[in-house]
Each structure stands twice: as structure tokens, then as C-alpha cells.
Amino acid sequence: MTDLRTERGLAVELSDLTRVYGQVRALDGLTLDIEPGELVALLGPSGCGKTTALRILAGLDTATSGRVSVGGKDLTRVPASKRDMGMVFQAYSLFPHMTVADNVAFGLKMRGRDGAARRARAGDMLDLVGLAEHADRYAHQLSGGQQQRVALARALAIEPSVLLLDEPLSALDAKVRVQLRDEIRRVQIEVGTTTLFVTHDQEEALAVADRVGVMNAGRLEQVAPPAELYSAPASQFVGEFVGLSNRLPAQVTGDTAAVLGRDVPVLPGSTTGAGRALVRPEAVSVVADPDGPATVATVMFLGPLSRVTCRLSDGTDVVAQLASTEALRLRPGDSVRLEVAPEPVLVIA
Amino acid sequence: MTPSTGFKVFRVVGLLVFAAYFFVPLLAMFDFSTQRRGSAEGRTWDNWAFMVTDEDLRSSIVASLLLALFTVVLMVALLVPTMVWVRLRVPRARGLIESLCLLPLTIPALVIVVGITNVYSWVTYLLGDSALVLTFAYVVLVLPYSYRAIDAALSAIDAATLSEAARSLGAGWFTVIARIIMPNITSGILGAAFIAVALVLGEYVFASLLHFDTLPVAMAALYKSNGPAAMAAALASMILVAVLLVGLTFLSRDRHKQGASS
């Protein structure tokens, strides 16, 4: 097999992109820089503008204002067919009248590569996604997961400067989705192509991306590595959208907040005075205590981990995530004491 | 006798009745077209040979076949890119295009002919008085049926995603339409073409009132002087259309097997 690494990973800059459809601002001043070879995931609820951003980068939609630049070259007015970007779509997009090999070689044909070179490259790409033996099949003879793997091979065959993935896993069942997600990451690292991955599935985004951008109402709320995004959300939206959070009563004084009787550091952007702290379930521990101020409401077994919901005397529910060995000792109605780990929290008004 | 057996018998009888309904007139036509003139005994192929030996009838057959071919080519060349473009780029105009294409269905052919008579005096002045100039009128005539066939085929594929995938791989709009969309709506295009051929081969009002000698006009004239020969020509055109239909069915099935229609 030839060296598949493209060495073509280029920096991507989206500068102050705005897209207005009638009265709707689908994008509202989006600015995002992607490093060469980096995989950035855009995450957000439906209608937040993440697909619009990707389509503008692909040249399939036009920004109302703003600039798209790849490798320092302004592509804002360049048509999609001249942008040299590979794309995998949410819907199955293989050409039904072509074999798998012809699908993968299509982009090379458009670039005037001769038949032998096309066949060789298509073979390499199908090897890369583990479908070399399906080269002569048609799309309708493949499963959904296989079709998306061929679509990935087709997008990479042209050695794109940027790889664009528009929710490529959302039509697949859960097991295939996880397998293909891991495969996409493996292939992306192997070929080194700068990649923008759009998804509404936070687990998917956190698992594959070097950095994750969380979008809301056409704006980028925060871009950060997955761990940072999870542990230090920059806004209430990010804190609530990414992962589960308890909203616990808190009193902020200086750089700390009193939460469940314990002082914990507060993150930048927190409110002052009284508010609600966003505390992750895994940051809450539950201690059996006959004199404790809370009672266990439910214990939900999730395999190695369990989720325990406790009720405070004021009626507030607090969810804790514990090892199942620990959680299964608790019974609904038990009196318990809740403790919060001394990790920084975001306090909202 | 079990109910299922009864149903089978009913099905077979029904099939035979319908077959008789369709085939008895055709057999009668064939019988009439092969009879010798007067009280002579036996069968003759002279009336069928008349289609080739009679220069007027032969030229009208050639004109009609060429008209059918040109109508199909022009209809596909106009309609397919327009419909694909509207579907992908200006979907809001789809209703307007559909209304325009269906309009000829609502206007009687006679009214259209009266309306375009003056236009055709210019057309014949500029392009000559060949019957082939009817192509323009026939394209309008077949629009409603062709539109429906192609629209159904386009609705069966995800044209937007396929075209975006092709464009992202470097294909221009011509390539998208010719190499990606058209191969996947072949069954619709073939259906539209078949309907167009059938309509053109049977169209009488336009050709007659605009004074062009096409097969139906020649057959009508011939019927007055040589009924069996006219009958042979009519049966031949029906057989041609039937062969086209069968060919279309097999072609669509083959393409489906290849995955083109999946």
C-alpha cells in the first residue's frame, strides 16, 4: 500500500461568518480557526447553525458576510467544485449507478487522473476502510455502515485539503456508530487531513475531536479540548448542554462558592452572590448517614456505574454517579449525606 | 371446490376476457389488412408491403419516426436540465414550472393549433415546410406527460445530496446533470420518451390542421382509397409502440438489477 498520509493538512479560518435566511440568522458572527491536521467537532442542538457553517466551508452555501480561508487562501467566492474538500454526508450519498470502486475513483476522474492511477488509489482507499473486497458492489448491496465507509474513502481519495463530516453517523445504529466513529478517527490520524466534524451527539464529539466547538443560536459558545469543555464550561449553555449537571444552590464569595456546605473554586464567568452551581454527577459523593439531610430517591444501575438520585430537604434533586459496587449498597429511602468534590464549578444566576 | 381454486379460476377467466377485449380488435385489424381485394380467396402481404412501396406513405412514416425522435431529444434536452436545476437551485419555482408544463393538458389541441397557426407560418418561412418543424409543437404537447414521468423519477432519488457529493468531488453542473442525475432517472426519461413516441405517432389534429403529412394524416387519407393498407399501417404503428413498451420494461428491469434504480 502506498503512503496514505496526504501532508496536505491545511489551516482553516472561518472569520466572522454570518448567514441570514429571511428573518432567521442561522450564523451570527462565527469565527473559528482550525490547525493543520486537527479534527474539530462542531456540537450543538438542531438549528444551531453547525451544518450551515460546514456547508459554507464546503462552498455548498454562501455566507451573507464573513470570510473563509484555507491555507491562507481566501475561498469565500470559490465554487464547491474548486475547493478541494472531501465531504461525507448525513444521508447516504454514494452514486447508485456506480460500483464502489467507481464511486471512490469519481473525484480522481474529475481531476483527470488516468485509469490505472484511479484504480490504484481507489484500491488503497478501500483497503484503508476495510472494504477492498466490496469494490465491485453497488451501493444497494452494502449496509449503511459500509456505505458511509465507502463515502469516507471517496472523500479521502482526492487527497482533500479539508475533510468535512456532516453528521455521518446519525443514520446508523448504535453499535455501528461507535465502530465507525473510532474508524473515522483512526483514518483521520493516519492521513493527517484537517477535519471539521459536525454532530449533535456530544459523546461522538468528545470521543473523536482534538477540540470541540459548542454552538448555540448561530454563535460559537466555546471551543476547547473535550476534557476542558467538560470540566470548565465557559457558559451556562455549554455547562448544561455537555454532559449532565446538577443545579445546586450556591453562595459565591470571592473566588469560591459554598455548595452543599463545602467551599469550591468558581470558574471564570460565574455570577456573584447567590446562584446555582453546575455540578457534575461524578463530583457528588453519597455517604450513608442516618442523620444525613438527604434521602435516596432512586438507584439506576448502568453497568459498572450507577446513577443515584437523592432528595434534599428543600425538595432539590441531586444526581450522583457512583461505582455500582458502592451504589448498590444504597436503597431508596436511606438517609445520606452529600459531598461535593473540590473541583471548580460554574455558578449561574 | 375451495375458495382459493375459485379465485384462481376467476382470475384466469378475467385475464382471458381482458385479453380478448384487447386482442380481438387487433386480430380483426390483422385479418382485414391481409385480405385480398374483392372476392378473391387467400391471404396477401401486399397491404403491408404498401407501407414500403408507396412513396407518400413511406415518407409520412419516415417523417413521423423522425418527428418522434426529434421530439424526444428536444424534450429531454429541455426538460431534464430545467427540472434538475429547479429542484436543486430554485425549489420555490417548482410549482410554477409544474403548472406551465401541465398547461397543454388543459387546453384543447384545436385551440392550441389555432393559436400557433400564425407562429407556424413564420416557422415554415424560416425553417422550410418540412413536417419536422412540428417538433416544436409536439414538445409542448408531450410536456405534461413527460414532466410527470421525470418528476416521479427525480422524487425517487436524493438529487440534492447526490449533486452536492459530486460537486464536492470536483464535478461541474454539466457533469452533475449528465453523469450523476440522468443515469439515476433513466427509467423516468425512458418512460417520458415512450409516452412522447406514442403521442407523436398518433397525433392527428396538429399535423392535419397545419397541413403536414405525418403517418396519422396519411393513414386517414389512405383509409378512403385503400382501407386494408391503412389498417396495416395502423397495426404496424401499434406494434411499434408495443415493442417500445416491452423494450422499456426490460431496460428498466436491467438497470434496476445494476442498482441504478435502487
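Tutor: A nonpolar core is here a set of buried Ala, Val, Leu, Ile, Met, Phe, Trp, Tyr and Cys residues joined through C-beta atoms within 7 Å, and a residue is buried if 20 or more other C-beta atoms lie within 10 Å of its own. Please keep in mind throughout that this is a predicted model. The largest nonpolar core has 142 residues, and those that touch the most other members are L57(A), V104(A), A153(A), L164(A), L196(A) and I150(B). The element that gives the most to this core is helix 6 of chain B, residues 134–155, with 12 residues. Apart from this core lies another, of 28 residues, which includes L260(A), V264(A), A283(A) and L338(A).

To see the surroundings of one such member, take L164(A): when its neighbours within four places in sequence are left aside, L164(A) is in contact with L54(A), L57(A), A58(A), M85(A), G86(A), M87(A) and L196(A). Two of these partners, L57(A) and L196(A), are themselves named among the residues that touch the most other core members.

We can turn next to the contact between the chains, which takes 21 residues from chain A and 18 residues from chain B. On the side of chain B that touches chain A, the elements giving two or more residues are helix 7 (159–168) and helix 8 (173–184) of chain B, and helix 7 of chain B gives the most, with six residues. By class, that side of chain B has eight polar, seven nonpolar and three charged residues.

Elsewhere in chain B, helix 4 (residues 94–106) has 13 residues and reaches 19 Å from its first C-alpha to its last, which is close to the 18 Å expected at 1.5 Å a residue.

The strands of chain A complete the tour. Four of them form an open sheet in the order 2-1-4-5, with antiparallel pairing, and its edge strands, each pairing on one side only, are strand 2 (24–34) and strand 5 (73–74) of chain A. Strand 1 of chain A, residues 12–21, runs antiparallel to strand 2 of chain A and is joined to it by eight bridges, with L14(A) standing opposite L32(A) in strand 2 of chain A.

Note on methods. Residues are numbered from 1 along each chain as its sequence is written. Chains are lettered from A and ligands numbered from 1 in the order in which they are written. This is a predicted model: local features need pLDDT of at least 70, side-chain atom pairs count only at pLDDT 80 or more; totals for chains, interfaces and linings use all residues. Two residues are in contact if their C-beta atoms, placed from the backbone, lie within 7 Å. Helices (H or I, at least four residues) and strands (E, at least two) are DSSP runs, numbered from the N terminus. Ala, Val, Leu, Ile, Met, Phe, Trp, Tyr, Cys and Pro count as nonpolar, Asp, Glu, Lys and Arg as charged, and the others, Gly among them, as polar. A residue is buried if 20 or more other C-beta atoms lie within 10 Å of its own, exposed if 12 or fewer, and partly exposed in between; C-beta atoms are placed from the backbone. The expected span of a helix is 1.5 Å times one less than its number of residues. Two strands pair if DSSP finds at least two bridges between them.
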